[in-house]
Amino acid sequence: MAISAKEQELLSYVNLLVNTVKKLFRDRGEVEFSKDPILTKRNIVEYNGRMRADGMEKFNNPTFVAAINFYVDAAAMAKHSALGALVVYVEQDYVATMLKRLKYPPIDDEDNKAMCDACGALCNIIAGAFKSALVAGGYKELEMSHFSSYRNTAPNGVEFCFKEYDKYEICFHIDNAKRLVLELTMAPVPKGR
Amino acid sequence: MKKILVIDDADLERELLIEVLRGSGIKNEFLQARDGDEAIEMLGLNHKDICLILLDWQMPKMSGMEFMEGVVKVPAVNQIPIVMVSASGTDDNKKKARDVNPQLGGYVVKPYKPEELVNVIQEYLK
């Protein structure tokens, strides 16, 4: 089935994100994913004008969730008028291992705050590298928020562009187990500077 | 020996940075702040003892850029070298940072290699 130009555009951001994550994990921790990431387009579930982000749905187990928003410029960021959102999900039991593999200091895996912070740090480096990849791909430089992170679910949801109805879920496997799930929603990013 | 002020909202990134620098033989004491607000308070109390500021960009309450805009206007602290350590590392970001602070000591992109960070800050610790 043919896909629309808008869907194609979203898929191109997803592919950029996938390549960014692969490179980041390879460069940072010599981690190779055990199979190609699984991409699934899903409808955005909205409540109170925000996108639902539920980690339990991703792993059926306690999960840490972190989110970062992208904005077309600083004025849009000040108005909380998001262009896109990146959400990172890591199963609780794997957070410490994943961060260790990425050469971060050890985390106390019984400390919720430390685990949230770790997931946020991961989301931050992925979002930063993705933003750079967009620029390298000829897109406008976006503004990026600081991370927010949670255990299991983002209670108030995540900001997103209200004109968007779809997001992509991207599942990454390490040692043949699903270890990292990303969600990306993004309105068309302007080209150029 | 003077102190290094590390400003980052992620505890883990601050720990990593300090671990990397200590592992490279840097013996300075570290002060830590989670955002620009906390950093300003710390700077007010300790500015005479601080030789270097390592600054993240995306932080809650007050971003690294807002913090730096404030610092460059205050003669008592604007001579303290600032090195940005941020996940946002495009040329535009670097230019924005230098526009705000022409004396910017460096710009290190996360995730960084330890030697890259050490090379940038070494000259400010002499």
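Predicted model: local features only at pLDDT ≥ 70, side-chain atom pairs only at ≥ 80, totals over all residues.
Figure 1. Along the principal axes, the C-alpha atoms of chain B fill a box of roughly 35 × 35 × 25 Å. Chain B contains 5 helices and 5 strands. Read from the N terminus, these elements follow the order β-α-β-α-β-α-β-α-β-α.

**Figure 2. The open parallel sheet of chain B.** The sheet is built from 5 strands in the order β2-β1-β3-β4-β5, with parallel pairing. Strands of a sheet pair through backbone hydrogen bonds, either parallel or antiparallel. Within this sheet, strand β1 (residues 3-7) of chain B is joined to strand β3 (residues 50-55) of chain B by 5 bridges in the parallel sense. B:I7 has B:L55 in β3(B) as its bridge partner.

**Figure 3. Helix α3 of chain B, the sheet and helix α2 of chain B.** Helix α3 (residues 64-71) of chain B lies across β1, β3 and β4 (82-86) of chain B and runs at about 170° to β4(B). Helix α2 (residues 36-46) of chain B crosses α3(B) at roughly 30°, and the two axes come within 9 Å. Because angles under 35 degrees count as roughly parallel, α2(B) is classed as roughly parallel to α3(B). The crossing of these two helices is right-handed. From α2(B), the contact involves B:G36, B:A39 and B:I40, while α3(B) contributes B:G64, B:E66, B:F67 and B:G70. By class, this contact of α2(B) with α3(B) has 3 nonpolar, 3 polar and 1 charged residues.

**Figure 4. The cis peptide bond of chain B at B:P111.** The peptide bond between B:K110 and B:P111 is cis, with omega at about -5°. B:P111 belongs to the loop between β5 and α5 (114-122) of chain B.

**Figure 5. The contact between chain B and chain A.** Chain B provides 19 residues to the contact and chain A provides 20 residues. On the side of chain B that touches chain A, the largest share, 6 residues, comes from helix α1 (residues 11-23) of chain B. The residues on this side of chain B comprise 7 nonpolar, 5 polar and 7 charged.

**Figure 6. Packing of helices α4 and α5 in chain A.** Helix α4 (residues 92-101) of chain A packs against helix α5 (residues 112-136) of chain A at an angle of about 55°, and their axes are 10 Å apart. With this angle, α4(A) is oblique to α5(A). The crossing of α4(A) past α5(A) is left-handed. A:Q92, A:V95 and A:L99 of α4(A) meet A:M115, A:A118, A:C119 and A:L122 of α5(A). By class, the contact of α4(A) with α5(A) has 6 nonpolar, 1 polar and no charged residues.

Figure 7. A:H80 is located in the loop between α3 (74-78) and β5 (84-91) of chain A.

Conventions: Residues numbered from 1 in each chain as written. Chains lettered and ligands numbered in written order. Pairing = 2+ DSSP bridges. Helix = DSSP H or I, 4+ residues; strand = E, 2+ residues; numbered from the N terminus. Contact = placed C-beta atoms within 7 Å. Axes fitted to C-alpha atoms, helices over the stretch in contact; angles between N-to-C directions. Nonpolar A, V, L, I, M, F, W, Y, C, P; charged D, E, K, R; others polar. Parallel < 35°, antiparallel > 145°, perpendicular 65-115°, else oblique. Left-handed = near helix turned anticlockwise from the far one by under 90°.
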